[in-house]
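Trainee: I have a complex open on my screen and would like to learn how to read it. Could you walk me through it, one feature at a time?

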Amino acid sequence: MEVLKIHNLEKRFGGKEVLCGLDLSVPEHSIFGFIGRNGAGKTTTMKAVLGLLKPDGGQIYVMNEKVRFGQTPTNRYIGYLPDVPEFYSYMTPLEYLHFCGKISGMDRSDTALRSKELLELVGLGQESCRIKGFSRGMKQRLGIAQALLNRPKLLICDEPTSALDPAGRKEILDILLAAKEQITILFSTHILSDVERICTEAAFLKEGRVAVQGTIAELKNMRRSDEFVIETAKKEAADGLVKMFGDLRADECNPLTLHGSEEHFFAVMRYAAENRIPVQRIERIEPTLESLFLEVTK
Amino acid sequence: MKALFAFLQKECLEIARTGKLIILILLFVLFGIMNPAVAKLTPWMLEMLSEQLAESGFAVLDVTVDAMTSWTQFYKNIPLALIAYVLIFSDSFTGEYRSGTLLLALTKGLPGYKVVLAKTMMLLSLWTLGYGLCFAITWGYNAYFWDNGIAAHLLQSAVLWWLFGVWVICLLVLFSALMQNNTGVVLSTGGAVLLLYGLSAIPKVKAYLPVLLMNSGSLLSGTAEPDAYGKAVLAAVASVVGSVTAGILIMNKKQM
């Protein structure tokens with residue numbers, strides 16, 4: 001079953017078209033990486049799913065229920081964590097979660113139980129001071145607790161790790177991994193190592209459309225073994241190889257390093273062996289999401 | 001209803017913990033004390049200045065002050081209190097848009113109209129409390145020093161000015177739903193009041209404008225009768241309902 005389905009979503013701000021026919025489907029119990037450059041339309045898509053922005057075209061379904069702008073009943077299925085969550089700084093974490101419980105329509109005892117449980121999960125169980133003094137990482141953890149409070153089916157995280165230091169990032173990713181058993185997570189980010197670490201599926205967004213979507217393995221396979229790199233010991237040797245194999249191209253930073261396509265891999269190796277060209281390094285490039293990202297968003 | 005009360009409770013906690021409640025109470029108490037105090041000190045101040053005034057050709061004769069002097073001061077000071085009130089609460093909505101705190105509440109299923117209703121309820125309750133406190137203090141001192149009986153239609157006059165405050169606050173709510181920053185809210189609210197004040201120069205429309213309620217102090221001296229404010233009261237009430245309704249409709253359709 002698909003927790004989130006987006007069909008032909010369009011959104012313009014003034015004359016600027018931010019989303020132009022975006023299609024996306026997020027299967028249940030996946031951690032779905034939503035990847036794109038700044039301004040690609042990630043936050044706009046997420047806000048449209050939450051009913052905070054009115055789309056100019058297309059449909060959004062959460063748990064097979066159509067999302068309506070303004071009054072949005074589908075938000076009962078969703079937990080939302082913005083990139084920099086802001087809370088009422090004069091409240092304590094427990095007071096804030098109780099406030100969230102009340103406005104979500106949860107009953108008092110369930111809110112109390114769930115708040116305690118979640119504050120423990122995010123490591124804020126002992127924090128009784130006001131949110132005012134919280135660090136960014138603590139706010140992010142409280143953000144996860146509030147997002148999970150009403151047991152959502154879908155957790156939407158908008159670049160949750162972008163503003164954090166490595167330790168804070170690890171903590172957030174660990175919490176998301178721990179939560180994945182019960183819920184589906186839609187996770188926007190630029191940090192591709194985070195996607196490789198926790199996501200099961202991902203989509204690359206380009207110019208308001210999904211350019212590529214699939215499981216992480218499928219995405220990596222799209223670029224499997226289509227490139228190799230050879231590094232020579234001398235500049236003349238590199239120039240000789242470029243002359244011999246026209247499609248070899250020199251690295252922008254290091255003129256001794258040449259990139260070539262898979263079809264000439266063995267021919268280049270043979271040529272290097274036959275002509276006793278001193279080679280420092282020759283290797284197939286492992287497919288990475290980064291290379292795919294750069295190619296897709298080029 | 002549960003969500004509305006939860007948000008209202010949040011609003012109360014906010015004004016208590018951010019110190020806004022204390023500031024407002026001090027402000028209205030100060031204005032409440034200032035009215036009779038200025039009246040009481042007027043003869044003494046004039047006596048102090050009598051020599052300078054005499055040099056300028058003014059003769060200070062026997063100055064008598066009474067409750068009327070104090071009430072006149074009340075109607076001079078209360079607009080300043082209202083301006084301070086509007087400035088203090090001009091970021092009630094926009095502060096939440098800017099920080100993103102409202103965004104999380106809305107994604108939890110809180111409808112926009114409940115935000116407008118809860119904030120309106122809090123703003124009007126606080127205005128009523130502050131205004132009532134200021135009025136009660138002035139009334140108490142006046143009763144102690146002089147006789148409030150000298151002022152005609154005292155309660156009607158006070159209620160009319162309170163309604164003017166309610167009208168201004170509801171404009172604040174409307175512009176807060178509409179605008180993204182508090183400078184815009186203050187300028188629009190002030191601009192709307194000034195525009196109507198300017199229009200009140202036209203004799204034919206004056207009676208229908210809520211800004212007429214600002215002159216309710218003239219009831220005290222008997223230069224006007226309460227009936228003269230009937231149309232302005234109706235216009236103010238209609239405008240209050242219209243502003244809050246428009247605020248709700250705007251908030252329901254607001255893109256965050």
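**Reading the complex**

Mentor: Let's start with one residue: T107(B) is buried, because 26 other C-beta atoms lie within 10 Å of its own. The term works like this: a residue is buried if 20 or more other C-beta atoms lie within 10 Å of its own, exposed if 12 or fewer, and partly exposed in between, with C-beta atoms placed from the backbone. Please keep in mind that this is a predicted model, in which local features need pLDDT of at least 70, side-chain atom pairs count only at pLDDT 80 or more, and totals for chains, interfaces and linings use all residues. As for names, residues are numbered from 1 along each chain as its sequence is written, while chains are lettered from A and ligands numbered from 1 in the order in which they are written.

Trainee: Where does T107(B) lie, and which residues is T107(B) in contact with, leaving aside its neighbours within four places in sequence?

Mentor: T107(B) belongs to helix 5 (residues 101-107) of chain B. Helices (H or I, at least four residues) and strands (E, at least two) are DSSP runs, numbered from the N terminus. A contact means that the C-beta atoms of two residues, placed from the backbone, lie within 7 Å. Leaving aside neighbours within four places in sequence, T107(B) is in contact with L50(A), N75(A), I78(A) and Y80(A).

Trainee: Those partners are in chain A. How many residues does the contact take from chain A and from chain B?

Mentor: Chain A puts in 23 residues and chain B 25 residues. On the side of chain A that touches chain B, strand 6 (78-81) and helix 2 (93-104) of chain A each supply at least two residues, and helix 2 of chain A gives the most, with five residues. By class, that side of chain A has 13 nonpolar, six polar and four charged residues. Here Ala, Val, Leu, Ile, Met, Phe, Trp, Tyr, Cys and Pro count as nonpolar, Asp, Glu, Lys and Arg as charged, and the others, Gly among them, as polar.

Trainee: What ipTM and pTM does the predictor give the complex, and what pLDDT does chain B average?

Mentor: The complex has an ipTM of 0.88 and a pTM of 0.84. pLDDT is the predictor's confidence in each residue, from 0 to 100. Chain B averages a pLDDT of 92, and 99% of its residues score at least 70. Among the elements of chain B, helix 2 (residues 20-55) of chain B has the lowest mean pLDDT (87), and helix 7 (residues 154-178) of chain B the highest (97).

Trainee: Now to strands. How should I read the two faces of one?

Mentor: In a regular strand the side chains alternate between the two faces of the sheet. Take strand 8 (residues 184-189) of chain A, where six of six residues are buried. T184(A), L186(A) and S188(A) point one way, and I185(A), F187(A) and T189(A) the other way.

Trainee: Which strands are joined to strand 8 of chain A by bridges?

Mentor: Two strands pair if DSSP finds at least two bridges between them. Strand 3 (residues 31-36) of chain A runs parallel to strand 8 of chain A, with five bridges, and F34(A) stands opposite S188(A). Strand 7 (residues 154-158) of chain A also runs parallel to strand 8 of chain A, again with five bridges; there L155(A) has I185(A) as its bridge partner. Strand 7, helix 5 (residues 166-179) and strand 8 of chain A make a right-handed β-α-β unit: with the strands pointing away from the viewer, the path from the first strand over the helix to the second runs clockwise.

Trainee: Which domains does the assignment give for chain A?

Mentor: Domain bounds come from an automatic or database domain assignment, which gives domain 1 (2-221) and domain 2 (227-296) of chain A. Their C-alpha centres lie 42 Å apart. 10 residues of domain 1 of chain A are in contact with six residues of domain 2 of chain A, and helix 6 of chain A provides the largest share of the domain 1 side, three residues.

Trainee: Is helix 9 of chain A largely in the open or covered?

Mentor: Helix 9 (residues 265-274) of chain A lies largely in the open, because one of its 10 residues is buried. Just after helix 9 of chain A, R276(A) takes a positive phi of about 50°.
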